[in-house]
Amino acid sequence: MSAKLFVQAILKFLLGAVLVGLLIFLPAGTFAFWGGWLLMGILFIPMFGAGIVMMVKNPELLAKRLNAKEKLGKQQLVVKLSGLMFVAGFVLAGLNFRFGWYTLPRAVSLVAAVVFLLAYVLYAEVMRENTYLSRTVEVQEGQKVIDTGLYGIVRHPMYSTTLLLFLSIPLVLGSLYALPVFLAYPFIIAVRIKSEEAFLKNELPGYGEYMKKVKYRLIPFIW
């Protein structure tokens with residue numbers, strides 16, 4: 001582990017926490033937004049723990065996860081659309097709280113938080129199974145097709161877990177008004193998956209055979 005990687009990881013973590021906090025609490029007009037604190041806790045505490053584990057055990061994977069600069073045009077569009085979704089969703093949830101629009105019961109927020117944390121566990125398992133994971137679409141030196149574990153069920157288990165994570169967010173925040181914004185995510189990620197698979201089929205040996213072996217991309221028996 002290098003000092004540069006450590007500083008980069010800490011700065012990105014702090015920047016992310018501050019940015020999400022501003023997007024949630026500024027529109028809410030107060031820090032007394034219970035759902036906002038619940039989301040901050042379940043999002044950033046496990047993230048910090050996972051970052052420490054990667055920093056100690058697999059700094060190469062951490063470096064890949066910190067690199068978010070896409071080279072492919074369609075993937076750049078996906079990143080921009082995802083960012084817009086998060087901004088709109090967080091701001092709408094904050095406004096929902098500020099103006100007293102209909103708020104979901106706390107029990108719903110707590111159940112959604114449990115789903116979020118379970119999805120986080122699955123996300124960690126995906127990273128354990130596939131050390132080639134990066135935040136950008138690329139083929140790395142020596143990369144092989146992973147077809148065991150969760151990769152034997154769907155071709156993109158990481159995206160399956162993010163589907164659970166992101167659709168849980170508006171429920172954790174208690175906002176039905178923000179939910180339709182986050183429902184755009186399945187369509188956004190579908191664009192990413194189709195572009196990514198076309199790239200991997202051409203660039204990663206054996207990926208075409210893997211696509212025939214594992215039928216479903218994102219959700220078993222559906223797609």
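Modeller: This is a predicted model. In this model, the axes of helix 5 (residues 106-129) and helix 6 come within 8 Å and cross at roughly 160°.

Biologist: Is helix 5 roughly parallel or roughly antiparallel to helix 6?

Modeller: Two packed helices are described by the angle between their axes and the distance between the axes. Here the axes cross at roughly 160°, and angles over 145 degrees count as roughly antiparallel. Helix 5 therefore runs, relative to helix 6, roughly antiparallel.

Biologist: Is the crossing of helix 5 and helix 6 left-handed or right-handed?

Modeller: The two helices concerned are those whose axes come within 8 Å. Where helix 5 passes helix 6, the crossing is left-handed.

Biologist: Are Arg-192 and Glu-196 buried or exposed?

Modeller: Both residues lie in helix 8 (residues 185-203), 4 residues apart, and their side chains meet in a salt bridge (4.0 Å, N to O). The relative accessibility is 7% for Arg-192 and 12% for Glu-196. Because buried means under 20% relative accessible area, Arg-192 counts as buried, and Glu-196 is likewise buried.

Biologist: How many residues apart in sequence are the parts that Glu-197 and Arg-217 tie together?

Modeller: The side chains of Glu-197 and Arg-217 meet in a salt bridge (3.0 Å, N to O). Glu-197 lies in helix 8 and Arg-217 in the segment after helix 9 (207-213), so the parts tied together are separated in sequence by 20 residues.

Biologist: Which residues are joined with Glu-197 into one network?

Modeller: Glu-197 is buried at 3% relative accessible area, while Arg-217 is partly exposed at 23%. Salt bridges that share partners join Glu-197 into one network with Arg-155 and Arg-217.

Biologist: Which nonpolar surface patch includes Leu-176?

Modeller: Leu-176 lies in the loop between helix 6 (157-172) and helix 7 (179-182). Leu-176 is partly exposed, with a relative accessible area of 37%. The patch covers about 530 Å² and is made by Leu-176 together with Phe-99, Trp-101, Tyr-102 and Tyr-177.

Technical notes: Residues are numbered from 1 along each chain as its sequence is written. This is a predicted model: local features need pLDDT of at least 70, side-chain atom pairs count only at pLDDT 80 or more; totals for chains, interfaces and linings use all residues. Side-chain values use heavy atoms; hydrogens and water are left out. Patches are made of residues with over 30% relative accessible area and no salt bridge: like charges are joined within 9 Å, nonpolar side chains (Val, Leu, Ile, Met, Phe, Trp, Tyr) within 5 Å. Accessible areas come from the Shrake-Rupley method with a 1.4 Å probe; for residues, only the protein chains shown count as cover. Buried means under 20% relative accessible area, exposed over 50%, partly exposed in between (1.4 Å probe, protein chains only). Axes are lines fitted to C-alpha atoms, for helices over the stretch in contact, and angles run from 0 to 180 degrees between N-to-C directions. Angles under 35 degrees count as roughly parallel, over 145 as roughly antiparallel, 65 to 115 as roughly perpendicular and the rest as oblique. A crossing is left-handed if the near helix is turned anticlockwise from the far one by less than a right angle, and right-handed if clockwise.
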